[in-house]
Amino acid sequence: MSTVKDHGHRHKEHEGADLAHAARVSLEAAGEQWTDMRESIFTALAEIEKPASAYDIADSVSKARGKRVAPNSVYRILDLFVRTNLARRVESINAYIANSHPGCLHDCIFLVCDSCGSATHIDDDGLSRSVRKTAEAAGYADIRPVIEVRGRCAECD
């Protein structure tokens, strides 16, 4: 199932097999191969409800494959996924979440709960555009805004 959300424009939020298919299409469009290991890591990442570390993903993939997968291998693939917009990195907790709309580029804005560890990814192009313009005015190039707000979510409050 997928839903359409409006973030200044409309895009499709993918789930389950639809998300895996969208990720594969996006990765291949970037000129990369969709290997069995990459598929396993993406599936594990997409199934974990909170931001996941490379160690969490390595454990999950190791159990599913019946043999140990090294976290270093997972990190390399996660870096590829972030570069190709299949995953988002929550910088402050060194964890990752699957991007539910891999064909749509946005800067990362996360609301991170200090109590339960959940992270909500929101798209606010106006906010990130303002950050980009400010950085450009200060002489910065190749800007990649990462905005994280820490606090307690409504569920934990």
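What share of the contacts with a separation of 6 or more in the protein chain comes from residues 24 or more positions apart? Such pairs account for 48% of them, where contact means heavy atoms within 4.5 Å.

This is a predicted model, so local features need pLDDT of at least 70 and side-chain atom pairs count only at pLDDT 80 or more, while totals for chains, interfaces and linings use all residues. Residues are numbered from 1 along each chain as its sequence is written, and side-chain values use heavy atoms, with hydrogens and water left out.

**Figure 1. The whole chain, before zooming in.** The protein chain has five helices and seven strands; helices (H or I, at least four residues) and strands (E, at least two) are DSSP runs, numbered from the N terminus. Going along the sequence, the pattern reads β-β-α-α-α-α-β-β-β-β-α-β. Of the 157 residues, 38% are buried; buried means under 20% relative accessible area, exposed over 50%, and partly exposed in between (1.4 Å probe, protein chains only). The accessible surface comes to about 9,100 Å², with 48% of that belonging to carbon and sulfur atoms. Those areas come from the Shrake-Rupley method with a 1.4 Å probe, and for residues only the protein chains shown count as cover.

**Figure 2. The largest nonpolar core.** A nonpolar core here is a set of buried Ala, Val, Leu, Ile, Met, Phe, Trp, Tyr and Cys residues joined through side-chain atoms within 4.5 Å. The largest one has 23 residues, and those with the most contacts inside it are Ile41, Phe42, Leu45, Ile57, Val74, Leu78 and Phe81. Helix 1 (16–29), helix 2 (36–47), helix 3 (54–65), helix 4 (71–83) and strand 4 (95–98) each give two or more residues to this core. Helix 4 supplies the largest share, five residues. Zoom in on Phe42 and, leaving aside neighbours within four places in sequence, you'll find it in contact with Leu19, Ala20, Ala23, Trp34, Phe81, Leu86 and Ala98. As a rule, nonpolar side chains in soluble globular proteins tend to be buried together.

**Figure 3. Helix 4, end to end.** Pro71, Val74, Ile77, Leu78, Leu80 and Phe81 are the buried residues of helix 4. Just after the helix, Asn85 takes a positive phi of about 70°.

**Figure 4. Ala119 and the second core.** A separate core of six residues includes Ile97, Cys108, Phe110 and Ala119. Ala119 sits in strand 6 (residues 119–122). Skipping neighbours within four places in sequence, Ala119 is in contact with Pro51, Val90, Phe110, Leu111 and Val112. Ala119 and Ile109 are 10 residues apart in sequence and 9.7 Å apart in space, C-alpha to C-alpha.

Figure 5. Leu111, Ile122 and Val149 make a nonpolar surface patch of about 210 Å². Patches are made of residues with over 30% relative accessible area and no salt bridge; like charges are joined within 9 Å, and nonpolar side chains (Val, Leu, Ile, Met, Phe, Trp, Tyr) within 5 Å. Leu111 belongs to strand 5 (residues 108–113) and is partly exposed, with a relative accessible area of 38%.

Figure 6. Glu28 pairs with Arg24, with the closest N and O atoms 3.1 Å apart; both lie in helix 1, four residues apart, about one turn of the helix. Asp114 and Arg150 form another, at 2.5 Å between the closest N and O atoms. Asp114 lies in the loop between strand 5 and strand 6 and Arg150 in strand 7, so this pair ties together parts that are 36 residues apart in sequence. Arg38 bridges to Glu32 at 3.7 Å; Arg38 counts as buried at 19% relative accessibility, whereas Glu32 is partly exposed at 31%.

**Figure 7. Two loop residues with positive phi.** Asn94 has phi near 45° and sits in the loop between strand 3 (87–90) and strand 4. Asp142 has phi near 50° and is found in the loop between helix 5 (125–137) and strand 7 (146–151). Asn94 is partly exposed at 28% relative accessibility, while Asp142 is exposed at 81%.

Notes:
A salt bridge is a side-chain nitrogen of Lys or Arg within 4 Å of a carboxyl oxygen of Asp or Glu.
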